[in-house]
Amino acid sequence: MKIAVDAMGGDNAPKAIIEGVEEARDLYPDLTFDLYGDPAKIKAVITNQDRLNIIETTEEISMGEEPVRAIRKKKDSSIVRAAKAVKEGDADAFFSAGNTGAVLAAGIFIVGRIHGIDRPGLTSILPIAKPGSKRQKFVYLDTGANAESKEKILFSLLTLVNFTQKKFSGLLIHGLHCLIMVLKRIRAISSIKMFGSCLMQKMNLTLSAMLNLVTSYSVRLMLSSAMAGQLMPH
């Protein structure tokens, strides 16, 4: 697998980015990396260039720039070029620790959305810091905390996280428990009620059946869309 990396984005780039890339390269022998950015700055911090290919770019998108304008104007930026590599089939995945809005915009307007997914979700896999807990991690989606999402968007996010959990751990539908918690805690939001109804209808489950199903899973989904951060992991 080849990963296109925005080597110039994020705090302490490119040094911090290259350190992470080299660690990943050493852990996963099937990975190769295309590093997009300033060759002189990148070479200065590489300790071992095995399976690392440097591709020169002449522009950078800073953290404070307006995302859509930046990706449209800076065609030779490391973010845009790395995203195009995925779009054109020259890379399998794209990584950036830079301007989050620009990365999201590049994903939508350059790489393109999956059919049926209207809004991408920003996902973090976080550790559970509870001594003695059997659960070691949970998936937090959407990290971007979209405060007003329609039920269609929520269901598509659940579809995405379910796919992610299958790939990472082989388990199914970990997120339903916390989704039900959201439904119970903020019943006043009509779109959330509609989402619950939509979820049960599409999965052909009653609320009781859903509650019985989800309590058997050890990894939970935290869905921040439409709850504005009111629900904390537990």
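Predicted model: local features only at pLDDT ≥ 70, side-chain atom pairs only at ≥ 80, totals over all residues.
Residues are numbered from 1 along each chain as its sequence is written, and side-chain values use heavy atoms, with hydrogens and water left out.

**View A. Helix H1 (15-27) and its buried residues.** Helices (H or I, at least four residues) and strands (E, at least two) are DSSP runs, numbered from the N terminus. Ile17, Ile18, Val21, Glu22 and Arg25 of H1 are buried. These buried residues line one face of the helix, because they fall within an arc of 130° seen down its axis, the arc being that of the directions from the helix axis to the C-beta atoms. They pack against S1, S2, helix H2 (39-43), S3 and strand S4 (93-95).

**View B. The largest nonpolar core.** A nonpolar core is a set of buried Ala, Val, Leu, Ile, Met, Phe, Trp, Tyr and Cys residues joined through side-chain atoms within 4.5 Å. Of its 14 residues, Val5, Val21, Phe33, Leu35, Ile42 and Ile46 touch the most other members. Strands S1 (2-6), S2 (32-37) and S3 (52-56) and helix H1 each supply at least two residues; the largest share, three residues, comes from H1.

**View C. Surroundings of Val5.** Beyond its neighbours within four places in sequence, Val5 is in contact (heavy atoms within 4.5 Å) with Ile17, Val21, Phe33, Asp34, Leu35, Tyr36, Ala82 and Phe95.

Key. Buried < 20%, exposed > 50% of the residue type's maximum accessible area, 1.4 Å probe, protein only.
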